[in-house]
Structures are given as structure tokens and as C-alpha cells.
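Dear colleague,

Please find below the structure that I am handing over to you. My notes on it follow directly after.

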Amino acid sequence: MNPWPSNQELLDAEDGRRASGAVVSGRSGRPLKPLPDDALILIPTRNAVLFPGALSPVTVGRASSIAAAQEAVKHDRRVGFLLQRDPEQTDVAPEDLRWVGTVGQIVRYMTAGEEVHHLVVQGQSRFRVLEFLEGWPFLVARVAFVEQPEEEGSEIEARFLQLKEKAVEAIQLLPNVPDELAGVVQAVDSPAALADIVANLLDVKVEEKQEVLETFDLKRRLDRVLDLLGARVEVLRLSREIGEKTKKEFDERQREHVLREQLRQIHKELGDNEETAAELEELGKAIDEAGMPEDTAKHARKEFKRLQRMGENSGESSMLRTYLEWLTELPWKDEDAKSIDIAAARRVLDDDHYGLEKIKRRVLEHLAVRKLAPNGKSPILCFVGPPGVGKTSLGQSIAKATGRPFQRVALGGVHDEAEIRGHRRTYIGALPGNIIQALKRAGSRQAVLMLDEIDKLGAGGFHGDPGSAMLEVLDPEQNARFRDNYLGVDFDLSKVLFIATANQLDTIPGPLRDRMEIIQLPGYTEAEKFEIAKRYLVQRQLDANGLKPEQASVTEDALRSIVRDYTREAGVRNLEREVGSVLRRVAMQVAEGEAGPITIDTPDLHGILGAVRFDNEIALRTGVPGVATGLAWTPVGGDILFIEANKVAGSGKLILTGQLGDVMKESAQAALTLAKTWVGRKLDDVDIHVHVPAGATPKDGPSAGVAMFLALASLLTDRPIRADVAMTGEISLRGLVLPIGGVKEKTLAALRAGITTVMLPRRNARDLDDVPAEAREKLKFVFLDRVEDAVRTAIEGLPEAEEAVTVA
């Protein structure tokens with residue numbers, strides 16, 4: 001007995017439901033007019049194309065489609081299936097349909113509710129619509145059936161065999177397909193039937209299936225199906241390869257997971273906790289993601305495997321873990337070159353620093369070169385100048401202008417090579433050197449690294465020579481493979497922008513100095529200090545003391561007085577300190593409730609800062625014979641130096657005091673000999689005493705020769721030296737004036753001290769290009785060839801006095 005109801009029984013059940021109140025379109029109880037013999041009931045399909053010979057399920061839900069299916073089943077009529085042009089359209093007209101379709105017989109009709117009915121249809125043949133008819137609650141049309149006679153020939157046969165081969169291959173590539181399907185395909189002996197069966201099974205767009213259905217020429221149809229099937233076979237083949245690879249990787253991961261689970265159980269039995277295993281797993285992941293070079297990554301993985309084999313209580317375990325953590329936290333990955341805006345960098349430098357045009361120009365030149373050649377080597381800059389002239393802050397501005405992170409490495413007092421290159425891992429508490437530590441803090445290999453106080457590196461000794469260790473760091477030809485003793489692997493420093501600072505060059509070893517580009521920052525003029533105080537220092541100290549601009553202000557006259565009367569330095573560090581003292585007094589007044597704004601003027605400075613600290617003592621000290629004003633260079637900038645000479649009854653001895661060095665003593669002896677020659681006297685009955693004040697400060701150098709000679713000439717002629725004249729230069733026994741160094745620093749010192757005329761060796765005239773324009777405008781420069789030129793300029797009242805040879 002058949003357990004499934006027949007199509008007629010299902011329709012009778014529909015009639016029963018309709019009698020109880022349900023209504024089905026097309027089955028209203030009124031008899032339909034009979035269909036013409038050449039007419040065909042049509043059902044539109046949204047996303048399905050029926051092929052001849054194929055048994056296909058069809059789901060209908062529209063009232064007209066349900067009525068059409070029921071009418072066909074009731075009268076055992078065939079049904080034509082046409083594809084809609086727009087699958088979203090519900091009410092379709094003839095123009096909304098393709099006019100070529102497949103006629104089929106409904107072999108099974110099933111209902112799943114009032115709105116959804118399921119059909120199983122056996123496709124029979126193609127047809128073409130000739131004319132649509134009206135008068136039925138469903139689509140009806142006169143059609144012409146397309147006959148498909150069997151064609152023969154070698155071309156058809158070749159295509160038929162190739163299609164059969166491809167179809168079998170596709171079936172074998174498909175997952176979960178019964179083996180019998182390949183046998184069914186092999187058993188088909190009709191090329192047309194095989195083309196329709198394969199087209200029906202292909203997973204392609206319905207438009208492509210409809211194109212095959214509308215292709216009546218068998219050869220062209222076989223070619224089209226072969227093209228579609230070939231593309232699907234390639235997709236299936238790639239899909240299988242990907243699936244096999246994925247399965248293999250999954251099997252490997254599963255195996256690894258099982259092994260790790262067993263290892264975890266072993267560690268658990270041994271007393272190792274799960275947190276340690278999780279930390280090790282995280283460390284291994286960090287090694288893979290660190291972006292290390294291939295040889296470094298290989299070394300790190302080897303060390304990591306050693307760590308995994310060690311027990312948690314092993315003494316070496318913690319050291320090895322720390323080492324691997326250092327490796328993973330360093331910036332190994334290559335970074336994209338940052339875009340460089342020269343105009344924006346110039347604005348940053350101008351906003352942060354007043355003056356320093358030469359340094360700014362050099363920095364902008366570096367940025368321009370870096371913009372044009374991103375892979376070039378970074379220069380090693382060394383800023384040399386006295387304290388407080390802005391060397392460190394200039395490095396910070398360069399980092400800001402270039403968009404790089406900034407880190408500072410203090411080298412003052414470093415006497416151990418390991419501070420630079422790191423300790424070997426054999427030592428307890430070993431760490432990388434300061435260079436690697438700074439790059440870790442920066443988090444980038446394109447950082448700006450400031451090597452502060454490089455001139456104060458300790459001398460080599462038992463712990464090695466840190467200055468020699470710096471050679472590898474600062475050599476652009478070597479630092480691409482810098483090897484830290486702790487890391488034991490190469491690290492690329494070539495992208496780092498190193499900036500060193502120093503107060504003087506004399507204490508920097510020659511080979512190290514040769515690797516750096518020296519840029520001098522000699523100091524500021526009084527006008528520059530005033531501008532710096534007005535633009536930067538006052539605002540900075542207002543912020544530091546919790547004041548707002550509307551609560552306190554310092555007049556320009558007061559600032560000039562602080563610069564002139566309370567500070568005398570090359571930089572602005574003490575100037576900022578004095579401005580801070582003034583504003584702290586204002587902060588106290590504001591905190592006590594005094595109403596603002598409070599303005600500090602020149603008369604207020606005495607009550608806040610005390611008495612004036614620096615007087616113009618030039619006139620006082622040079623108003624007597626035997627006193628000359630010299631110019632000296634010091635690590636903290638230029639300074640004036642008084643040379644005092646006196647004579648007492650004696651036996652012709654030369655007495656030198658003031659803690660003079662050997663070179664300066666020899667200059668004094670040469671000056672005395674030259675002075676005796678100049679005055680034409682032996683001086684056997686007197687002793688000459690030459691003293692340089694500030695006796696607690698050691699002094700040395702040959703540049704005081706001219707000043708010593710003039711002091712002795714003034715003493716021996718009993719005529720004073722002009723109070724507004726300062727001098728510098730080395731002398732020879734022939735009376736020649738030889739060139740010296742530090743012209744810019746000495747010139748600024750003369751300007752700060754109120755000097756109006758500066759005498760320099762003629763061969764130092766070229767150094768005036770480095771002197772600020774303000775100093776060149778306010779000072780008169782006299783260039784000397786011989787000591788007689790200095791006598792004519794500095795000592796007034798001599799019978800032979802006349803203008804110096806060259807006055808600038």
C-alpha cells in the first residue's frame with residue numbers, strides 16, 4: 001500500500017478545506033472555460049530554470065501559480081515553466097517573462113499550508129511562446145515545441161566525450177556525492193540529454209542556465225556547457241586543494257594542541273603552575289610578532305626552546321626570560337618614512353628658539369636631504385657651547401620638527417664601557433647599554449637620541465674605555481650592525497639621529513670628534529638675552545609659579561636690568577633663575593590676596609633680587625698704568641681678564657701670580673723680553689710683578705700675550721691704557737701678533753663688559769663672519785700685525801701715537 005496520498009486526493013482535501021471557509025485562487029467553484037488544444041498552462045519561476053529530462057522540485061506560492069498547478073493536476077495537463085526577468089516582481093505580465101522555457105509533467109503535488117505548495121516536475125522538452133491568452137486566473141499561452149533531433153558527427157561526438165569526462169571529474173571533486181551519480185552520467189548516450197542534465201546540475205547563475213536553455217543549436221550548446229563546467233571544475237579543484245591544506249594545518253594544530261595539553265599535564269604533575277605556561281605562550285607569540293631580522297629571530301626561537309625545556313625553579317630561567325623580553329620589546333620593525341614638511345619644521349624651530357640661524361639652517365638642510373633621500377645615513381651632530389645656551393632644548397625642537405620621538409642619554413661621568421655596550425649576560429643583573437635602553441624607551445629606530453655631555457666621558461681604565469665604545473655608535477659606516485654585549489645580536493642604529501652636546505672640544509678624543517659634525521653655540525648677546533627672556537622665559541616662569549599673564553608682568557626695562565646688572569653668562573640659565581625669583585615674589589603677593597595685575601619695574605628689583613651684582617669695573621681697574629683688559633675663552637663662554645703689572649726695587653726678576661699655567665707663564669716671559677726691547681732698558685734694578693686676579697681659578701693659554709705686553713708697556717711708560725679697549729692675541733719675540741681661537745666667545749664677552757674697541761690679530765679677521773651682527777655693529781675692531789699697532793691704539797699720550805694700521 002502506497003503511504004503517500006495521490007495528487008487527486010490532495011486536491012479533494014483542498015476542496016474540503018474550501019467548503020469549510022478557505023478560498024484558493026482559481027478554485028472558486030465556478031467552472032473554467034476549456035483550454036484550446038494548442039494552449040499550455042504556464043507557471044513563472046523566480047530563480048529556477050527547468051531543463052528537459054531533469055526531475056526538479058518547484059515551490060509555488062502565488063495564487064495564480066497555485067491555481068495553474070491544481071488545474072494541471074486535475075486534468076492531467078502538462079505545464080510550461082518560464083523564468084522571470086526580475087525575481088523580486090510578484091505580479092508578472094508577459095513582457096516580464098522569458099519566452100523560452102521547458103514543458104514538464106507534475107509527478108508529485110504536496111501542500112505545506114495555504115500559501116506554499118511543492119511540486120516535483122519531470123522536464124520534457126523546450127518550447128517557445130507564440131501568444132499569451134486571456135480569460136483564465138493563471139497564465140495561458142499558445143506555444144511551439146522545439147524539436148531536438150539527434151545529431152551525429154565527429155565534432156558532436158568529441159564534445160560529447162569531453163563533456164562526459166569533465167562531468168565525471170566534477171562529480172568526483174564534489175563532497176558528499178553518491179558514487180552512483182557518476183555511473184548515471186556515464187550511462188547517458190545522448191549528447192543533447194547530457195548537456196541538459198549537466199546544465200541543470202551546474203552551480204551557476206540562472207541567467208547563464210537560461211542562456212543554455214535558449215541555445216537550440218546542439219554544438220553551440222555543448223560548447224557553452226563545456227565552458228561553464230570547465231570554470232566550475234577549476235573552482236572545485238582549487239577549493240579541494242585549499243580544503244586539503246586547511247585540513248593538514250588543522251591536523252598539525254590539533255596535534256600540537258594535544259602535545260601541549262600533555263606537556264601541561266606533565267608540568268602540572270611536576271608542580272609547574274599554569275600561569276607560567278601562559279606566560280611562555282605569550283612570550284613565544286611576542287617573538288613571532290616582533291619583526292626581528294631572520295638571523296635574530298632564529299636565535300630568539302632557539303633561546304625560547306631552551307627556556308621551555310628549563311624548569312621554573314632554574315636559576316638561568318629568569319635571566320633567559322628577561323633577555324627574551326628585551327628582544328621582543330625593541331623596535332625591530334621597519335617604519336614608513338615620515339612625511340617631511342620643511343616649512344612646518346622651520347616654524348617649529350623659529351617658535352622654540354630665538355636666533356641660532358646657522359644651527360637652524362643646518363637642521364633644515366638635513367631635513368631637506370632626508371626628504372629627497374629617505375634611505376640615506378643620518379648625520380652625527382655635536383652642539384658645542386657653554387651651559388644654558390639651549391643645546392638640549394634645541395635637540396628636543398629637532399625631534400618635534402621631524403616628528404620623531406626624543407630620548408636623552410647622559411654621558412657625564414660614565415667610566416664603564418658596559419654603560420655603552422651593555423653587560424654580558426654571564427653577570428648577575430646584566431642589562432643592555434644606555435643606547436639600547438634609550439631606543440626601547442623611544443619605541444622607534446627613527447628616534448632623536450641626545451648624547452648629553454659627551455666631553456665629560458670618563459677616561460679608559462680597568463672597566464674599559466667608554467669613548468672608544470662610542471666610536472661604533474657614532475660611525476655611520478659601522479652602526480648599522482651595532483652589537484650590544486647583552487643582546488649578542490646586531491641592531492641597526494643607522495636610522496637614529498644622534499645629537500651630541502659638549503661644553504668644550506679639548507676633552508673629546510680625536511677619533512670620536514672626527515666622527516661628528518661640530519656646530520658651535522658660543523652664547524647670546526645682551527639683546528638676544530632680552531628677546532629670549534621676553535618671548536620664552538617670562539611665560540615659562542609664569543606657568544611654573546602658577547601665575548596668569550593678567551596677574552603679573554615684568555616691564556622691558558626691568559628685563560634689561562636683570563640681564564645687565566644681575567647676570568653675566570654666555571647662556572640664559574641664571575637669567576631664567578632670576579626671572580623666576582622675581583615672579584615667585586609676585587606669586588606670594590597674589591597668594592596673600594593682593595589684587596592684580598602686579599607689574600615689576602626696574603626700581604622693584606633691588607627689593608627682590610638685592611643690590612646690583614655686576615658693575616662696570618673697566619674704568620676703575622684700567623685707570624692706572626700697568627693694567628690691561630684681556631679677553632679669555634672658558635668652557636662656559638668668553639670672559640674678560642685683567643692683567644696687572646707693577647714694579648718694585650729689586651734685581652730684575654719676574655714674579656708671576658694668579659695660578660697661571662706653563663703656557664701663560666712663557667707668554668709673560670716673552671712679553672717682558674719684548675717690552676725691554678721696546679723701551680730700550682735692561683731693568684736690572686727693579687723686579688716686575690705680573691698678577692692676574694681671580695687667583696683661585698687656573699688660567700692658561702697663549703692668547704694673553706698682547707695684553708701682558710701692553711700692561712708692561714703701560715707700566716714702563718707710566719701711561720694708562722684706554723678703559724674701553726680689550727685685546728687678545730699671541731706674540732712672538734720679533735713683535736708679531738699671532739692668531740688665536742674663540743673669537744666669537746671673546747667678542748661677546750667684550751660686548752657684555754661694556755668694551756667698545758676690540759683688538760684682534762689680523763689673521764683672525766675672517767672669524768668675524770661668525771660674530772653676531774649686533775656685536776659687529778656695536779664694537780670697533782682693530783686688526784694687529786705687530787705689537788706696535790696695539791701700542792698706538794691702546795696707550796694714549798705717547799709722542800709716537802697715531803692711528804692703528806687697520807681699523808674696522
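Patches are built from residues with over 30% relative accessible area and no salt bridge, like charges being joined within 9 Å and nonpolar side chains (Val, Leu, Ile, Met, Phe, Trp, Tyr) within 5 Å. A salt bridge here is a side-chain nitrogen of Lys or Arg within 4 Å of a carboxyl oxygen of Asp or Glu. The model is predicted, with local features requiring pLDDT of at least 70 and side-chain atom pairs pLDDT 80 or more, while totals for chains, interfaces and linings use all residues. Residues are numbered from 1 along each chain as its sequence is written, and side-chain values use heavy atoms, leaving out hydrogens and water.

**Surface**

E150, E151, E152, E157, D189 and D217 form a negative surface patch. Of these, E151 sits in the loop between β6 (139–146) and α3 (154–173); helices (H or I, at least four residues) and strands (E, at least two) are DSSP runs, numbered from the N terminus. E151 counts as partly exposed because its relative accessibility is 34%; buried means under 20% relative accessible area, exposed over 50%, and partly exposed in between (1.4 Å probe, protein chains only).

**Buried parts**

Q407, in strand β8 (residues 406–410), counts as buried because its relative accessibility is 18%. Leaving aside residues up to four places away in sequence, Q407 touches A438, R441, A442, V448, L449 and M450, contact meaning heavy atoms within 4.5 Å.

In helix α16 (residues 466–474), eight of the nine residues are buried, including P466, M470 and L474. Helix α27 (residues 787–794) has six of its eight residues buried, so the rest of the structure largely encloses it. Among them are V787, D789 and T793.

With kind regards

Conventions: Accessible areas come from the Shrake-Rupley method with a 1.4 Å probe; for residues, only the protein chains shown count as cover. Lys and Arg count as positive and Asp and Glu as negative; His and the chain ends are not counted. The place of a charge is taken as NZ of Lys, CZ of Arg, CG of Asp or CD of Glu.
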